[in-house]
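Here is a short report for a reader meeting this structure for the first time. Look at the sequence and the model, then read on.

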Amino acid sequence: MLKKNTPILTIIFFTVFLNAFGLSVVFPVLAMLFLEPIDSVLGKGLSLSQSMILIGLLKASYPIFQFIGAPILGSISDRIGRRPVLLFSLQGTIIGYCLIIYGIIYQNIPLIFAGRIIDGLTGGNVSVIYSSIGDISESKDKPKRFGFIGMAFGLGFIAGPFVGGITSDPTILNWFNYATPFFIGAILVLINALLILFYFPETNKQKVKGKLKLFKGMGDVFAVFQMKGIRRLLLVSFLFILAFNFYTQFFDVYLISKFDFNQRNIGNIFAYIGVWIVISQGFITAGLSKFVKPHKVLYLSLFLLAIFIYLLILPDNSSWFLFLLPLVSIFHGLSQPNLLSLISDKSPADLQGKMMGINQSFQSLAYAIPPLIAGFIIVINLNLPIILASAIMLLAWIIFITIKKFGK
């Protein structure tokens, strides 16, 4: 089965890689746009707290609109197929990148927000991708395959910050600027769209019939809590992403403020995080899936992730991150694919797109909340977002261990 589906998985791998690249390429750039006094697109006149709040709103705009778009795209993919929805979403990403490029070049904040919003609305392709994996995978293969796709995310997480940090630095080449990473991202997304257009077959063989109600997907997000078999898992998934994003969304601000990092330093450290995500999801998760059930991995990985996130506030020297960040990344890499595997197994075969879309909506909401809140609380204390991340992850673990039925 793996050999038969290898071309499909390869294209899915590249698509997830580009999603992670697009998400993480902004990490070295976004905060610098507002905190760097010389190159700031805002110009002068804003206080530090005002800049922090605006960074939070901009970071939140993508996942807020992905929260709206993901269940709609997931439901559409159950009816018309995964392939056309993937192509549509990638077109939205290209348009979004182009608007951000123009916004940076012409120092136009509304254009930058518009680019993030359009990319978010059409950014439900992650749920469609996960649905494609569910379409072509047996239950026993899912942890390994979700781990394989997690490795793609990790590679994108390496390349995005690294490219963002390097190609936004005009001291390396004088024509580099903060818009350059987005230009590179747009070209890669175009290549990805062409690959899907010519080489990606339709994986959805059990299309749902009947009239599509576009905003029914939003209602399904809340109605899913009537489903006893999956609602706690979705809550754990929501808290898991919420916690991890309290850590990641403002880690760049933390590094700039506490350790005086520049965009190249930030790019390097996020790339370092990505390396360990690749190792964890691509190798450790794949190896464990042969011997250990997903729920047994999560009993330990969620708890240890909460502990090691908290430890990130302790170092006074950034060199300690070389030791701590691999541990955070490994336990994150063990948790995410196993959570996805459990959710996919609990979802009916003909509703994989719908359920993955709903899960993606919960995750999008979890992406949106941290920058909205952290923009305010980081002004109170630089450590608060990371402390809150650890506490929420611990809550996710407590809820998870109260779930009783997982099988042997």
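F244, Y247, F251, Y254, F259, F261 and F321 form a cluster, joined through ring pairs. The model is a predicted one. Across the whole structure, a search finds 15 aromatic pairs. W175 and F176 make an edge-to-face pair, because their ring centres are 4.7 Å apart and their planes meet at 70°, and an angle over 60 degrees counts as edge-to-face.

Are W175 and F176 buried or exposed? W175 is exposed, with 57% relative accessible area. F176 is buried, at 11% relative accessibility. The cut-offs explain both labels: W175 is exposed because its 57% is over 50%, and F176 is buried because its 11% is under 20%.

Next come the loops. Which residue lies in the loop between α4 (82-105) and α5 (109-121)? That residue is Q107. Q107 is not a glycine, yet its phi is positive, at about 50°.

D260 lies in another stretch, the loop between α11 (251-259) and α12 (263-288). D260 also has a positive phi, near 60°, and is a residue other than glycine. The side of accessibility is clear too: D260 counts as exposed because its relative accessibility is 67%, where exposed means over 50%.

| Residue | Phi | Loop between |
|---|---|---|
| Q107 | about 50° | α4 (82-105) and α5 (109-121) |

Notes. Residues are numbered from 1 along each chain as its sequence is written. This is a predicted model: local features need pLDDT of at least 70, side-chain atom pairs count only at pLDDT 80 or more; totals for chains, interfaces and linings use all residues. Side-chain values use heavy atoms; hydrogens and water are left out. Helices (H or I, at least four residues) and strands (E, at least two) are DSSP runs, numbered from the N terminus. Buried means under 20% relative accessible area, exposed over 50%, partly exposed in between (1.4 Å probe, protein chains only). Rings of Phe, Tyr and Trp (its six-membered ring) pair if their centres lie within 6.5 Å; planes under 30 degrees apart count as stacked, over 60 as edge-to-face and the rest as tilted.
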